[in-house]
Amino acid sequence: MRKGLVIFLVINLLIVAFLIHSVSSLLALLIIDGSADAIHQSEIPAPNSGMIDTRPQLIPKIIHQTYLNESIPDHWKEAQQSCIKLHGDYEYKLWTDKKSREFIATEYPWFLETFDNYEYPIQRADSIRYFVLSHFGGIYIDLDDGCNRRLDPLLSYPAWVRRTLPTGVSNDAMGAVPQHPFFLTVIDSLQKYNRKWPLPYVTVMYSTGPLFLSVIWEEYIRWGTSDEGRVRVLMPDEYNKHSWSFFSHHRGSSWHGKDAQLIFWVSVYLREISE
Ligand SMILES: *[C@@H]1O[C@H](CO)[C@@H](O)[C@H](O)[C@H]1NC(C)=O
């Protein structure tokens, strides 16, 4: 009887310890909020400001987007054109499926097998954006994000990602100089994270999508970096909330973009309890 009670208590203790461990990791995700690296409102001149931004522009003037082929659907054309029109002096690169595969085959042949064998096309669309940013530098923008003003002020940071609420960062708008250590880490990590999970959504989120990027980001910033290695964080206000924000959201949301925070949390939780 006594022995039974001890075993019962030990099992309960283990369960409680397991739960505390899960919750504490989850809380750690909330504590690492990127605020130390936030791009401050005061750093960014207003869209029509007369202030002269004297900071050096580090990121090359290239806009990258991805789509199946050259036939952009009508509901994304307006967003796409808004970025192209505002940035006549930027190079514009549309990464179609064909161009993406050729690029990986030529420049990153070690990744081609993983790239070809991704089960979901969105995994290729996710991963190619990390490779082109790492390779050429520039700014990647999802096709459903229109440009609300010129992106020049964002060229002054060696790298930046966009903060999402309640946790993590997204991969729908990002910028970097070529060979930035963060994006090198990202492309180096893709094979390790190429695992299948019970839900397709979790598989995509955690192998190549925003959850994958968030996890790599957290691990990257946890140990601190040099100024050049730093990844600055574009906060929601500067992203698309106001007339002075950089982007504007258009109809036809990409399927794991903006409305997925609940599922994001579930997948974070699944990851925590599976470790
Ligand atoms: C692009 O793909 C769509 C859907 O598969 C197809 O209808 C369209 O003809 C393609 N366009 C080109 C230029 O290949």
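## Paired strands

Two strands are said to pair if DSSP finds at least two bridges between them. Strands (E, at least two residues) and helices (H or I, at least four) are DSSP runs, numbered from the N terminus. In this predicted model, local features need pLDDT of at least 70 and side-chain atom pairs count only at pLDDT 80 or more, while totals for chains, interfaces and linings use all residues. Residues are numbered from 1 along each chain as its sequence is written, and side-chain values use heavy atoms, with hydrogens and water left out.

Strand E5 and strand E7 (residues 232-234) pair in the parallel sense over three bridges, and Arg162 stands opposite Leu234 in E7. E5 and E6, by contrast, run antiparallel and are joined by four bridges; here Trp160 stands opposite Gly175 in E6. E5 and E6 form a hairpin with five residues between them, and Gly168 in the turn has a positive phi of about 80 degrees. Five of the five residues of E5 are buried, where buried means under 20% relative accessible area, exposed over 50% and partly exposed in between (1.4 Å probe, protein chains only).

## Nonpolar cores

A nonpolar core is a set of buried Ala, Val, Leu, Ile, Met, Phe, Trp, Tyr and Cys residues joined through side-chain atoms within 4.5 Å. The largest such core has 40 residues, and Tyr130, Phe182 and Phe183 touch the most other members. Elements that each supply at least two residues include helix H5 (121-136), strand E5 (159-163) and helix H6 (181-189). H8 gives the most, with eight residues. A second, separate core of 20 residues includes Ile39, Tyr90, Cys147 and Trp160.

Contact means heavy atoms within 4.5 Å. Apart from its neighbours within four places in sequence, Phe183 is in contact with Tyr130, Leu133, Ser134, Ala159, Val161, Met174, Gly175 and Ala176.

## A buried lysine

Lys93 lies in strand E2 (residues 91-95). Lys93 counts as buried because its relative accessibility is 17%. Leaving aside neighbours within four places in sequence, Lys93 is in contact with Ile62, Ile63, His64, Gln65 and Phe136.

An N or O atom in the side chain of Asn69 is 2.3 Å from an oxygen atom of the ligand, and a polar side-chain atom of Ser71 lies 2.8 Å from a ligand nitrogen atom. The protein covers 29% of the 370 Å² of accessible area that the ligand has on its own, an area computed by the Shrake-Rupley method with a 1.4 Å probe.

Notes:
Polar contact = N/O pair within 3.5 Å; in protein donor to acceptor, adjacent residues only side chain to side chain.
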